[in-house]
Amino acid sequence: MTTETSQNSIASLLVQLGGQFASFSDSAKLDAQILICHAIGKSRSYCLTWPEYQLSDAEAEKLNEMVKRRLAHEPIAYIIGSKEFWSLELEVEPSTLIPRPDTEVLVELILDLKQDTKIDVLDLGTGTGAIALALASEQPNWLVTAVDYSQNAVSLATRNRDKFQLSNVTVKQSDWFKNIDEKYDVIVSNPPYIDERDPHLSQGDVQFEPSSALIASNNGFADIEHIIELGRDYLTAEGLMAFEHGYEQGEGVRQLFERFGYINATTVKDYNNNDRVTYAYYPGDK
(Lines give C-alpha, C1' and ligand atoms only; values in the text may rest on other atoms or scores of the structure.)
Protein backbone atom coordinates (compact mmCIF):
# COMPACT_ATOMS: atom_id res chain seq x y z
CA MET A 1 0.00 0.00 0.00
CA THR A 2 2.42 2.63 -1.18
CA THR A 3 -0.48 4.43 -2.83
CA GLU A 4 -3.87 5.20 -1.39
CA THR A 5 -6.73 2.82 -2.09
CA SER A 6 -10.49 3.23 -2.20
CA GLN A 7 -10.75 -0.27 -0.84
CA ASN A 8 -9.98 0.49 2.80
CA SER A 9 -11.64 -2.51 4.40
CA ILE A 10 -9.48 -4.88 6.42
CA ALA A 11 -10.26 -7.74 4.03
CA SER A 12 -9.25 -5.88 0.88
CA LEU A 13 -6.14 -4.45 2.50
CA LEU A 14 -5.03 -7.90 3.64
CA VAL A 15 -5.16 -9.12 0.03
CA GLN A 16 -3.42 -6.05 -1.34
CA LEU A 17 -0.63 -5.86 1.21
CA GLY A 18 -0.13 -9.60 1.36
CA GLY A 19 0.58 -9.54 -2.35
CA GLN A 20 3.04 -6.66 -2.04
CA PHE A 21 4.95 -8.23 0.84
CA ALA A 22 5.07 -11.72 -0.67
CA SER A 23 8.08 -10.93 -2.85
CA PHE A 24 10.39 -10.59 0.16
CA SER A 25 8.60 -11.90 3.25
CA ASP A 26 7.87 -15.49 4.26
CA SER A 27 5.06 -14.20 6.47
CA ALA A 28 3.44 -11.70 4.13
CA LYS A 29 -0.16 -12.20 5.30
CA LEU A 30 0.82 -12.05 8.95
CA ASP A 31 2.87 -8.91 8.30
CA ALA A 32 -0.18 -7.29 6.72
CA GLN A 33 -2.42 -8.31 9.63
CA ILE A 34 -0.04 -6.91 12.21
CA LEU A 35 0.34 -3.56 10.47
CA ILE A 36 -3.38 -3.14 9.84
CA CYS A 37 -4.26 -4.00 13.43
CA HIS A 38 -1.59 -1.64 14.72
CA ALA A 39 -2.90 1.16 12.50
CA ILE A 40 -6.43 0.85 13.90
CA GLY A 41 -5.34 0.05 17.46
CA LYS A 42 -7.14 -3.29 17.60
CA SER A 43 -6.15 -6.89 18.33
CA ARG A 44 -5.61 -9.46 15.59
CA SER A 45 -8.73 -11.27 16.78
CA TYR A 46 -10.73 -8.10 16.10
CA CYS A 47 -9.29 -7.83 12.59
CA LEU A 48 -10.25 -11.44 11.88
CA THR A 49 -13.74 -10.99 13.30
CA TRP A 50 -14.52 -7.72 11.50
CA PRO A 51 -12.93 -7.97 8.02
CA GLU A 52 -15.46 -5.47 6.66
CA TYR A 53 -14.17 -2.70 8.97
CA GLN A 54 -13.30 0.40 6.93
CA LEU A 55 -10.21 2.33 7.97
CA SER A 56 -10.64 6.04 8.56
CA ASP A 57 -8.50 8.47 6.59
CA ALA A 58 -6.20 8.93 9.59
CA GLU A 59 -5.86 5.17 10.08
CA ALA A 60 -5.19 4.64 6.39
CA GLU A 61 -2.47 7.30 6.42
CA LYS A 62 -0.85 5.72 9.48
CA LEU A 63 -0.93 2.35 7.73
CA ASN A 64 0.50 3.83 4.55
CA GLU A 65 3.53 5.18 6.39
CA MET A 66 4.18 1.82 8.04
CA VAL A 67 3.80 -0.02 4.73
CA LYS A 68 6.42 2.20 3.13
CA ARG A 69 8.84 1.18 5.85
CA ARG A 70 8.00 -2.50 5.45
CA LEU A 71 8.48 -2.30 1.67
CA ALA A 72 11.98 -1.01 2.46
CA HIS A 73 12.36 -4.34 4.34
CA GLU A 74 12.42 -2.76 7.79
CA PRO A 75 11.47 -5.39 10.38
CA ILE A 76 7.87 -5.40 11.59
CA ALA A 77 9.04 -5.30 15.21
CA TYR A 78 10.86 -1.99 14.70
CA ILE A 79 7.90 -0.52 12.82
CA ILE A 80 5.36 -1.25 15.56
CA GLY A 81 7.87 -1.03 18.42
CA SER A 82 7.21 -4.43 19.98
CA LYS A 83 7.75 -8.17 19.64
CA GLU A 84 6.23 -11.10 21.49
CA PHE A 85 8.68 -13.44 23.21
CA TRP A 86 7.65 -16.19 25.61
CA SER A 87 4.12 -14.69 25.71
CA LEU A 88 5.60 -11.35 26.80
CA GLU A 89 4.93 -8.41 24.49
CA LEU A 90 8.33 -6.70 24.71
CA GLU A 91 9.11 -3.18 23.67
CA VAL A 92 11.86 -3.14 21.04
CA GLU A 93 13.91 -0.46 19.37
CA PRO A 94 16.70 -0.38 16.76
CA SER A 95 19.42 -0.23 19.43
CA THR A 96 18.79 -3.89 20.32
CA LEU A 97 18.26 -7.20 18.57
CA ILE A 98 14.73 -8.35 17.86
CA PRO A 99 13.87 -11.35 20.07
CA ARG A 100 13.52 -14.51 18.00
CA PRO A 101 11.65 -17.77 18.56
CA ASP A 102 14.87 -19.80 18.45
CA THR A 103 16.06 -17.99 21.58
CA GLU A 104 13.15 -19.58 23.43
CA VAL A 105 15.10 -22.84 23.11
CA LEU A 106 17.65 -21.36 25.51
CA VAL A 107 14.92 -20.37 27.98
CA GLU A 108 13.33 -23.83 27.79
CA LEU A 109 16.71 -25.45 28.39
CA ILE A 110 17.46 -23.48 31.55
CA LEU A 111 13.98 -24.15 32.95
CA ASP A 112 14.39 -27.87 32.24
CA LEU A 113 17.90 -28.15 33.70
CA LYS A 114 17.32 -26.03 36.79
CA GLN A 115 14.36 -27.04 38.92
CA ASP A 116 15.74 -25.27 42.00
CA THR A 117 13.29 -23.07 43.84
CA LYS A 118 15.80 -20.27 44.33
CA ILE A 119 18.95 -19.59 42.33
CA ASP A 120 20.93 -16.61 41.05
CA VAL A 121 20.98 -16.13 37.27
CA LEU A 122 23.08 -13.76 35.15
CA ASP A 123 21.98 -12.80 31.63
CA LEU A 124 24.86 -11.25 29.70
CA GLY A 125 24.04 -8.90 26.81
CA THR A 126 20.37 -8.81 27.72
CA GLY A 127 19.19 -6.42 24.97
CA THR A 128 15.42 -6.13 25.37
CA GLY A 129 15.67 -8.29 28.49
CA ALA A 130 13.94 -11.18 26.70
CA ILE A 131 15.82 -14.11 28.24
CA ALA A 132 16.02 -12.66 31.73
CA LEU A 133 12.37 -11.66 31.82
CA ALA A 134 11.15 -14.97 30.44
CA LEU A 135 13.09 -16.88 33.11
CA ALA A 136 11.95 -14.51 35.86
CA SER A 137 8.31 -14.76 34.80
CA GLU A 138 8.43 -18.55 35.04
CA GLN A 139 10.45 -18.69 38.26
CA PRO A 140 9.49 -15.76 40.53
CA ASN A 141 11.83 -16.98 43.28
CA TRP A 142 14.89 -16.86 41.05
CA LEU A 143 17.00 -13.71 41.32
CA VAL A 144 17.95 -12.64 37.80
CA THR A 145 20.56 -10.02 36.93
CA ALA A 146 20.40 -8.69 33.37
CA VAL A 147 23.32 -6.66 32.04
CA ASP A 148 24.22 -4.97 28.79
CA TYR A 149 27.05 -2.75 27.58
CA SER A 150 24.59 -0.39 25.88
CA GLN A 151 22.87 2.14 28.11
CA ASN A 152 20.01 2.27 25.60
CA ALA A 153 19.55 -1.47 26.05
CA VAL A 154 19.68 -1.12 29.83
CA SER A 155 16.93 1.50 29.70
CA LEU A 156 14.84 -0.62 27.35
CA ALA A 157 15.21 -3.80 29.44
CA THR A 158 14.31 -1.80 32.54
CA ARG A 159 11.11 -0.53 30.92
CA ASN A 160 10.18 -4.08 29.92
CA ARG A 161 10.89 -5.34 33.42
CA ASP A 162 8.71 -2.64 34.94
CA LYS A 163 5.93 -3.32 32.42
CA PHE A 164 5.61 -6.87 33.71
CA GLN A 165 6.37 -5.95 37.33
CA LEU A 166 9.15 -8.52 37.63
CA SER A 167 10.71 -7.39 40.88
CA ASN A 168 13.08 -10.38 40.90
CA VAL A 169 15.05 -8.87 37.99
CA THR A 170 17.90 -6.39 38.38
CA VAL A 171 19.05 -4.55 35.25
CA LYS A 172 22.38 -2.76 35.07
CA GLN A 173 25.10 -1.60 32.71
CA SER A 174 28.19 -3.79 32.38
CA ASP A 175 30.70 -4.66 29.67
CA TRP A 176 30.28 -8.41 30.14
CA PHE A 177 31.67 -9.08 33.66
CA LYS A 178 33.26 -5.68 34.26
CA ASN A 179 30.65 -4.50 36.80
CA ILE A 180 29.85 -7.95 38.20
CA ASP A 181 31.16 -8.83 41.66
CA GLU A 182 29.32 -11.99 42.73
CA LYS A 183 28.86 -15.60 41.68
CA TYR A 184 25.87 -17.11 39.91
CA ASP A 185 24.36 -20.56 39.64
CA VAL A 186 23.51 -19.96 35.98
CA ILE A 187 25.05 -17.68 33.35
CA VAL A 188 23.20 -17.35 30.05
CA SER A 189 23.95 -15.28 26.99
CA ASN A 190 22.92 -14.63 23.42
CA PRO A 191 26.14 -12.82 22.50
CA PRO A 192 27.37 -11.54 19.14
CA TYR A 193 28.35 -14.63 17.17
CA ILE A 194 28.23 -13.75 13.47
CA ASP A 195 31.46 -13.47 11.50
CA GLU A 196 31.92 -10.04 9.94
CA ARG A 197 32.21 -11.62 6.48
CA ASP A 198 28.91 -13.46 6.72
CA PRO A 199 26.74 -12.53 3.68
CA HIS A 200 23.55 -12.80 5.79
CA LEU A 201 24.46 -9.50 7.45
CA SER A 202 23.14 -7.65 4.40
CA GLN A 203 19.92 -9.63 4.18
CA GLY A 204 16.53 -9.60 5.87
CA ASP A 205 15.94 -8.13 9.32
CA VAL A 206 19.60 -8.45 10.29
CA GLN A 207 20.65 -5.54 8.08
CA PHE A 208 18.59 -3.21 10.32
CA GLU A 209 19.87 -4.55 13.64
CA PRO A 210 22.88 -3.11 15.53
CA SER A 211 26.11 -4.68 14.26
CA SER A 212 27.62 -4.51 17.76
CA ALA A 213 25.05 -7.05 18.91
CA LEU A 214 25.64 -9.33 15.93
CA ILE A 215 29.29 -9.39 14.89
CA ALA A 216 32.21 -10.97 16.73
CA SER A 217 35.80 -11.41 15.59
CA ASN A 218 37.62 -14.75 15.44
CA ASN A 219 35.00 -16.21 13.09
CA GLY A 220 32.24 -15.18 15.48
CA PHE A 221 33.75 -16.86 18.55
CA ALA A 222 35.53 -13.94 20.28
CA ASP A 223 32.79 -12.96 22.73
CA ILE A 224 31.80 -16.55 23.45
CA GLU A 225 35.40 -17.43 24.29
CA HIS A 226 35.76 -14.32 26.46
CA ILE A 227 32.64 -15.22 28.46
CA ILE A 228 33.64 -18.86 28.86
CA GLU A 229 37.14 -17.97 30.06
CA LEU A 230 36.17 -15.22 32.51
CA GLY A 231 32.94 -16.88 33.54
CA ARG A 232 34.83 -19.43 35.64
CA ASP A 233 35.33 -16.70 38.25
CA TYR A 234 31.61 -15.89 38.34
CA LEU A 235 30.01 -19.34 38.53
CA THR A 236 29.28 -21.25 41.69
CA ALA A 237 30.65 -24.81 41.94
CA GLU A 238 28.85 -26.97 39.36
CA GLY A 239 27.43 -23.76 37.90
CA LEU A 240 25.74 -23.88 34.50
CA MET A 241 26.66 -21.74 31.49
CA ALA A 242 24.60 -21.73 28.29
CA PHE A 243 24.83 -19.86 24.98
CA GLU A 244 22.78 -19.29 21.90
CA HIS A 245 25.09 -19.48 18.88
CA GLY A 246 25.20 -19.95 15.12
CA TYR A 247 24.03 -23.17 13.51
CA GLU A 248 27.61 -24.15 12.56
CA GLN A 249 29.20 -23.27 15.91
CA GLY A 250 28.08 -26.09 18.21
CA GLU A 251 31.28 -28.09 17.96
CA GLY A 252 33.43 -24.99 18.36
CA VAL A 253 31.60 -23.90 21.51
CA ARG A 254 31.92 -27.39 23.01
CA GLN A 255 35.64 -27.32 22.33
CA LEU A 256 35.97 -23.95 24.06
CA PHE A 257 34.12 -25.23 27.10
CA GLU A 258 36.41 -28.24 27.29
CA ARG A 259 39.55 -26.14 26.83
CA PHE A 260 38.66 -24.00 29.85
CA GLY A 261 37.81 -26.89 32.15
CA TYR A 262 34.04 -27.14 31.86
CA ILE A 263 32.39 -30.55 31.79
CA ASN A 264 29.47 -32.26 30.06
CA ALA A 265 29.33 -29.79 27.16
CA THR A 266 26.14 -30.48 25.20
CA THR A 267 24.53 -28.92 22.14
CA VAL A 268 20.76 -28.62 21.67
CA LYS A 269 18.97 -28.09 18.37
CA ASP A 270 16.42 -25.37 17.60
CA TYR A 271 12.94 -25.77 16.12
CA ASN A 272 14.45 -26.11 12.64
CA ASN A 273 16.77 -28.92 13.77
CA ASN A 274 19.88 -26.71 13.66
CA ASP A 275 22.51 -26.57 16.40
CA ARG A 276 21.51 -23.48 18.40
CA VAL A 277 22.31 -23.73 22.14
CA THR A 278 25.31 -25.24 23.91
CA TYR A 279 25.70 -25.58 27.66
CA ALA A 280 28.24 -26.97 30.12
CA TYR A 281 29.00 -27.03 33.85
CA TYR A 282 32.03 -25.62 35.61
CA PRO A 283 33.17 -27.92 38.42
CA GLY A 284 34.93 -25.15 40.31
CA ASP A 285 38.44 -25.16 41.75
CA LYS A 286 39.19 -28.54 43.26
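User: Hi! What is pLDDT?
Analyst: pLDDT is the predictor's confidence in each residue, on a scale from 0 to 100. This is a predicted model, where local features need pLDDT of at least 70 and side-chain atom pairs count only at pLDDT 80 or more, while totals for chains, interfaces and linings use all residues. Residues are numbered from 1 along each chain as its sequence is written, and side-chain values use heavy atoms, leaving out hydrogens and water.

User: And what does the protein chain average?
Analyst: Its average pLDDT is 87, and 87% of the residues score at least 70. Over residues 1–6, though, the pLDDT is below 50.

User: New topic: how many helices and strands are there?
Analyst: The protein chain has 10 helices and nine strands. These are DSSP runs numbered from the N terminus: helices are H or I with at least four residues, strands are E with at least two.

User: How many residues are in the largest nonpolar core?
Analyst: There are 34. A nonpolar core is a set of buried Ala, Val, Leu, Ile, Met, Phe, Trp, Tyr and Cys residues joined through side-chain atoms within 4.5 Å. Buried means under 20% relative accessible area (1.4 Å probe, protein chains only).

User: Which helix gives the most to this core?
Analyst: Helix α7, residues 130–138, with seven residues.

User: What does Val 107 contact?
Analyst: Leaving aside neighbours within four places in sequence, Val 107 is in contact (heavy atoms within 4.5 Å) with Phe 85, Trp 86, Ile 131, Ala 134 and Leu 135.

User: Last one: how much of the chain is buried?
Analyst: Buried residues make up 52% of the 286 residues.

Conventions
Buried means under 20% relative accessible area, exposed over 50%, partly exposed in between (1.4 Å probe, protein chains only).
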